[in-house]
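Notebook open, model loaded. I'm going through a few spots one by one and jotting down what I find.

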Amino acid sequence: MERRTITQLSAALRDGSVTSRGLTEDCLQRIERHNAVLNAFITVSRDEALAMADAADAVLASGGGGPLTGIPLAHKDIFCVRGGLTTCASRMLSNFVSPYDATVVENLAAAGVVTVGKTNMDEFAMGSSNETSYYGPVANPWDLERSPGGSSGGSAVAVAAGLVPAATGTDTGGSIRQPAALSGVTGFKPTYGRVSRYGMIAFASSLDQAGVLTLTAEDAALLIQAMAGFDARDSTCADAPVPDYTAALGESLVGKKVGVPREFFDDGLDPECAERIHDALAVLETLGATVQDVSLPNVGASVPTYYIVASAECSSNLSRFDGIRFGYRHAGADSLESQYKLTRKEGFGAEVKRRIMTGTYVLSAGYYDAYYLQAQKVRHLIADDFRRCFESVDIIAGPTTPTPAFGLGEKLDDPVQMYLNDIYTIGVNLAGLPGASVPCGFSEGLPVGLQLIGPAFGESTVLNFAHQYQQATDWHERSPELQAG
Amino acid sequence: MAWEVVIGLEIHTQLATKSKIFSGASTAYGAEPNTQACLIDLGYPGVLPVLNRKVVRMAVLFGLAINAEIARRSVFARKNYFYPDLPKGYQISQLELPIVGKGAVKIFLDEGQEKTIGVTRAHMEEDAGKSVHDHFDGESGIDLNRAGTPLLEIVSEPDMRSAKEAVAYMKRIHQLVRYLGISDGNMQEGSFRCDANVSVRREGETALGTRTELKNLNSFRFVEKAINIEIERQIDVLEGGGKVIQETRLYDSDRNETRSMRSKEEANDYRYFPDPDLLPIELDEDFIESVRAELPELPDAKRARFVADYGLKAGDVEMLTSNREMADYFEAVAGTVKGDAKLAANWVIGELSGALNKDSIGIGDSRVSPRALAGLLERIRDQSISGKIAKEVFEAMWQGEGDADQIIESRGLRQISDAGALDKIVDEVLAAHPEQVEQYKAGKHKVLGFLVGQIMQATQGKANPAQVNTLLRNKLD
């Protein structure tokens, strides 16, 4: 199967060998052929996409546009797109048509991308397997019986299967990097605050960060360039200049220091995955980097810390879904209280309810200090661990996930096992750092991801390491065999 | 058995910003329902709050005015509860780190005593919308125009010992926020309202009694009545051997009673936590000093100055400084009518305030300008007209008939001070009332007033009263 990168498509658009309409039609066709099996898309917006493509072709024909003009792309269905269904993969928003565009959507549209549709995800981004979606699970193209990871599973699979060259995602505890690893694509999450959260439906406000799923780090750099920057509509958005990420991709790794946290190589790590990571580290050494052992002593507390902080925030963030002003409403309730209860009972799935309950509990009078405050303290300790490491290394590298893709349904009834799948990614969100996952080989035919973590606002470093690694390897070019649905 | 009353107030004052605390929507009162609510006010998925910096300035201005600690770092927190007029399911407020810490204000009691009331804290928060229950058959309407309107919640120490003190404190805060220009203080529109925490204890006890919270008292009169009725109720309960239950009670002004709204057990657990969508507010000295520079002369200072500069009585000063506009008006009049501040004060407090009240308008909308009033007072001082005629002239000025001189001329009201002319009139009146003249001469001096009245009537009030008195005495004694 042929998959082409943004960089390749952009060149083809410029030399006139393809048109945006042609590329968009290809994407729409591939989605039509494969989506029944993969279930990567919730909404396909054919007419709007073709109109955008024609507009992009007109710009290109007049010699204008930039590297993203005319490139088809899919948005995770957590980003509000004006006039379109934005469901967050929840029954609660199954009828919600957004009256406005998210900043990410606006920025990418301004850069000329063509939005072909909205991708499937875990409900409200809560899940690590894409099985909590109201619209059903997404299948991993490497093995249809397995999960592609989550919550940005639809985006990861859309890219892995070549339905679109790239897709947006969000990462609250690993929701870009983990599905990227399990689906065999490149996933990149910038520093918290680098990309505006405006219009991105909130799960856990202090952790949520928009990013991308692509075939290469080079493509990720192009997209983040367009997405990043200050936005007055998001008070937590960084007011700092955006460097030229593409220009940073040429830097040599000679003399660069790679820190490998010993805590990431614990008993929970699949031995074959561990081998792939060591292989990848060896590649980095051949590129001139030195690899050294580092320690993140508090990172072991990441998962419980995360589930307190994220659940607390989500329990409050999701209160607005009450059936009063928009979204699903239980009809015919006989009182206000029963309308609330039935709307939320029927509108939310099990995992979302579990987290709302957990979050409500940890914020309750008498428990706040023991859980929420304690978790905030541990969060600081974890962030300090990372900060200390970056005093002696340029980048931290390790596995993205403990195992390759697991079977659909395998962990659905065991939330703790499910949560542990994010054990290596969660600390990065708690510390607000940029991170990537790049394909680094296979374990029993399933993709394995190498995680690269940079210091705050070290997007260029992470993207360059990923790029240099991809220049030296071809794991990211391996694509799954697809049977038409 | 004597009881001591303990009262603390939580005052909510709407801050007079053009746009809302976290969105750009207008805060103007009285628009069609839901026409001043943007996606942020509606709590739409994906939207985020952005702090209106003007709100911070106003809160700090208040803090400086009550000599409070201004927090160099304060934090917004979410107060979580479900209600249809609360779109996000939480109210953005402040809990642990409010912007204004401990401060104090002075109140003045009837006997001329002064008392200091502590302010525990003041914090910024957003208002909720309104539920409309009586317009739709069997359904409730929601108007979110008010949702997101900035409020400053001012929490007092339990320092007040009577309903009267509570009202005096509330009036003092009301005066202050209006002096500072941070609130219009309009109670009818809900811009200034309060909850009262009330308890009683036996005199001499140090521990506080169990308190109840009276909700949403939106007039000074209701605050006083509600607190008094609640005090009575609590004392009745305790003297009957019962216990006061900690609860929220609603004041019913129609029945003049308070009734239970919810008990402590039914109270919401608001699950406050720092709002992750908003950064902590960090204030530096430069900012605080720049706000301090905006502080106007405050009521206490103005009061002292009025006593010192104008030699007015405390009671008059209290009236004149009750709001900034009245004080400014008075100073404008007094500045023109040099050396007779007392006359200016009497007229501002008397005729002018009366006319304003009658027309239900504020002093800013007065139909008689300070300059025009001063012109009238000048005519009293130079004895062109008497004080009584001046009232007639003022009334005509109020009706827009022109300035004092025009009216005096056109109506021929100039006082008759010409001794010759008066002398003739006095003689005529004495001749017409021989009976009263006899009575006077027989020692019944009270009839002098009657004779003066007759003379004033004969001159349509234009006679100089002092002169009339002298003339009469000369002729009769």
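Predicted model: local features only at pLDDT ≥ 70, side-chain atom pairs only at ≥ 80, totals over all residues.

**Entry 1: Glu263(A)**

I started with Glu263(A), which counts as partly exposed because it has 18 C-beta neighbours inside 10 Å. The scale I use calls a residue buried if 20 or more other C-beta atoms lie within 10 Å of its own, exposed if 12 or fewer, and partly exposed in between, with C-beta atoms placed from the backbone. Residues are numbered from 1 along each chain as its sequence is written, while chains are lettered from A and ligands numbered from 1 in the order in which they are written.

I found Glu263(A) in the loop between β7 (257-261) and α8 (271-286) of chain A. Helices (H or I, at least four residues) and strands (E, at least two) are DSSP runs, numbered from the N terminus. What does Glu263(A) contact, leaving aside its neighbours within four places in sequence? I get Ser295(A), Leu296(A), Val299(A) and Gly300(A), where contact means C-beta atoms, placed from the backbone, within 7 Å. Val299(A) is 36 residues away along the chain, yet its C-alpha atom is separated from that of Glu263(A) by 7.5 Å.

**Entry 2: a covered strand in chain A**

Next I checked strand β2 (residues 72-76) of chain A, and five of its five residues are buried. β2(A) runs parallel to strand β3 (residues 114-119) of chain A, and five bridges join them. For pairing, DSSP has to find at least two bridges between two strands. Pro72(A) has Val114(A) as its bridge partner in β3(A).

**Entry 3: two sheets in chain B**

I traced an open sheet of eight strands in chain B, in the order β5-β6-β9-β1-β10-β11-β12-β13, with mixed pairing. From one strand to the next, the twist averages 30 degrees.

What lies across this part of chain B? I noted helix α2 (residues 163-179) of chain B lying across β1 (3-14), β5, β6 (114-126), β9 (150-156) and β10 (192-202), at about 115 degrees to β5(B). Axes here are lines fitted to C-alpha atoms, for helices over the stretch in contact, and angles run from 0 to 180 degrees between N-to-C directions.

At the β13(B) end, strand β12 (residues 247-252) of chain B pairs with β13(B) in the antiparallel sense over six bridges. Asp252(B) stands opposite Glu257(B) in β13(B). I looked up Glu257(B) too: it is partly exposed, with 16 other C-beta atoms within 10 Å. Not counting residues up to four places away in sequence, Glu257(B) touches Ile229(B) and Asp252(B). Trp398(B) is another matter: 141 residues from Glu257(B) in sequence and 42 Å from it in space, C-alpha to C-alpha.

I also found an open sheet of three strands in chain B, ordered β4-β3-β14, with antiparallel pairing. β4 (90-93) and β14 (273-274) of chain B are the edges. Strand β3 (residues 77-80) of chain B is joined to β4(B) by four bridges, and Arg78(B) stands opposite Ile92(B) in β4(B).

**Entry 4: helix α11(B)**

Which residues of helix α11 (residues 404-411) of chain B are buried? They are Ala404(B), Ile407(B) and Ile408(B). They sit on the same side of α11(B) because they cover an arc of only 100 degrees around the axis, the arc being that of the directions from the helix axis to the C-beta atoms. Background reminder: an α-helix has 3.6 residues a turn, so residues three or four places apart point the same way.

The buried residues of α11(B) pack against α9 (370-381) and α10 (387-398) of chain B. Turned away from that buried side, I see the exposed residues Glu409(B) and Ser410(B). Gly412(B) follows α11(B), and its phi is positive, near 60 degrees.

**Entry 5: domains and the chain contact**

Chain B divides into domain 1 (3-290), domain 2 (299-411) and domain 3 (419-476), with bounds from an automatic or database domain assignment. Domain 2 and domain 3 of chain B have C-alpha centres 32 Å apart, and each gives four residues to their contact.

Last, I looked at the contact between the chains: 24 residues come from chain B and 35 residues from chain A. On the chain B side I get 15 nonpolar, four polar and five charged. Ala, Val, Leu, Ile, Met, Phe, Trp, Tyr, Cys and Pro count as nonpolar, Asp, Glu, Lys and Arg as charged, and the others, Gly among them, as polar.

Conventions: Contact = placed C-beta atoms within 7 Å.
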